[in-house]
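This report describes a chain through selected residues, helix contacts and nonpolar cores. Please keep the sequence and the model at hand while reading.

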Amino acid sequence: MRNKKKRLPAGELAFQVVLYVLLILLTLTFIIPFLLVIGTSFVSKEEIARRGFVFFPQVWNFAAYDMMLLQNTEVWRAYGVTFFRVVVGTLSSLLVTGTFAYAVSKKDLPGRTVLLVLSFITMIFYGGLIPTYLVVKSLGLIDSLWCFILPNLMSVWNMLILRNFFYSIPDSLEESALLDGATPPTIFFRIIVPLSMPAIATIGLFYAVDQWNNWFDAAIWINDVRKYPLQMVLRKYVLMSSTYDLKFDLATGAKPPDMGIKSAIVVISTLPMLCIYPFIQKYFVKGVMIGSVKG
């Protein structure tokens, strides 16, 4: 005899229906604007003037992408700078943040309270733009790609999150490793880091997104346009797209669409991060202690 499915009470069923409807509406508010930008990036200026923002162009026009990716090397050069700051900056920040958080998570660390207080003060008080610029200049980082990484090497907020996460790992794991002759670096990289991958992946995504989206540091510390990251190029095209409309003509003599340029550069600067996110998302739902303690 087949087991009959247990029916939900009417009140709980109504709550789930309302919840799903709200989640669907919230999802649409995130997806629809991006789909409009994608559709608009493939339309001509005449069609934009006639129809406005569109999901599906009547005639697919690749003029904006042709100008951005084939006729102009600026975007590819900016991609290289952005990938450098994302990869090197994220890994460096994770290394510094993780080791610092692991150290201050030990209650027997000498000077632990002083380190935490000094770190917390930097979250409340900011030295200001001019002192920061003078520090960066004195370190010789002006017009250097390392100005994207070293001044913001560690976020105190992310460090505190990791420190609290390390608290949840049983001390017995480290004690048993010490009895087996493991050194602190071995314990950290071979025990703590694998167990902390959900938290590390989350913090790493925060660092990566911040590095990908940041343009202000380049506007302050970079004078060489060849070292501009992708977001600075995006900012320039969005603010000055009408000027670029007059400079670049396609082989057919048609001028690239103004709104098409803006939409295309938004898609170009956003799509890589959207493609990477699904591969990192799996760590968000993993249990912290899965497989760490076996009975």
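Beyond its neighbours within four places in sequence, Ile48 is in contact with Thr40, Val43, Met259 and Gly260, where contact means heavy atoms within 4.5 Å. This is a predicted model, in which local features need pLDDT of at least 70, side-chain atom pairs count only at pLDDT 80 or more, and totals for chains, interfaces and linings use all residues. Residues are numbered from 1 along each chain as its sequence is written, and side-chain values use heavy atoms, with hydrogens and water left out.

Ile48 lies in helix 2 (residues 45-51). Helices (H or I, at least four residues) and strands (E, at least two) are DSSP runs, numbered from the N terminus. With a relative accessible area of 17%, Ile48 is buried; buried means under 20% relative accessible area, exposed over 50%, and partly exposed in between (1.4 Å probe, protein chains only). One of its contacts, Met259, is 211 residues away along the chain, yet the C-alpha atoms of Ile48 and Met259 are separated by 7.7 Å.

**The chain as a whole**

The chain has 13 helices and zero strands. Of its 295 residues, 36% count as buried. Among contacts between residues at least 6 apart in sequence, 71% join residues at least 24 apart. The accessible surface comes to about 18,200 Å², and 68% of that belongs to carbon and sulfur atoms. Accessible areas come from the Shrake-Rupley method with a 1.4 Å probe; for residues, only the protein chains shown count as cover.

**Helix 9 and its partners**

Helix 4 (residues 74-104) and helix 9 (residues 184-195) have axes that come within 12 Å and cross at roughly 100°. Axes here are lines fitted to C-alpha atoms, for helices over the stretch in contact, and angles run from 0 to 180 degrees between N-to-C directions. Angles under 35 degrees count as roughly parallel, over 145 as roughly antiparallel, 65 to 115 as roughly perpendicular and the rest as oblique. Helix 4 contributes Leu95, Gly98, Thr99 and Tyr102 to the contact, and helix 9 contributes Ile187, Phe188, Phe189 and Ile192. By class, the contact has six nonpolar, two polar and no charged residues. Ala, Val, Leu, Ile, Met, Phe, Trp, Tyr, Cys and Pro count as nonpolar, Asp, Glu, Lys and Arg as charged, and the others, Gly among them, as polar.

The axes of helix 9 and helix 10 come within 5 Å and cross at roughly 75°, which makes helix 9 roughly perpendicular to helix 10. Val193, Pro194 and Leu195 of helix 9 meet Met197, Pro198 and Ile200 of helix 10 in this contact. Its residues divide into six nonpolar, no polar and no charged.

Ile192 is found in helix 9 and is buried, with a relative accessible area of 1%. Setting aside neighbours within four places in sequence, Ile192 is in contact with Tyr102, Phe166, Ile169, Glu174 and Ile187.

**Nonpolar cores**

A nonpolar core is a set of buried Ala, Val, Leu, Ile, Met, Phe, Trp, Tyr and Cys residues joined through side-chain atoms within 4.5 Å. The largest core holds 33 residues, of which Met68, Val75, Cys147, Phe148 and Tyr237 touch the most other members. Two or more residues of this core come from each of helix 3 (63-70), helix 4, helix 10 (197-213), helix 11 (216-221), helix 12 (230-247) and helix 13 (258-281). Helix 13 gives the largest share, six residues. Apart from this core lies another, of 23 residues, among them Tyr102, Ala177, Phe188 and Ile192.

**Other positions**

Pro33 lies in helix 1 (residues 10-40) and counts as partly exposed, at 40% relative accessibility. Asp143 lies in the loop between helix 6 (129-138) and helix 7 (156-167), and is partly exposed, with a relative accessible area of 23%. Asp143 has a positive phi of about 65° although it is not a glycine.

The table lists C-alpha separations for residue pairs.

| Pair | Separation in sequence | C-alpha distance |
|---|---|---|
| Ile192 and Gly98 | 94 residues | 9.8 Å |
| Pro33 and Phe55 | 22 residues | 9.6 Å |
| Ile48 and Met259 | 211 residues | 7.7 Å |
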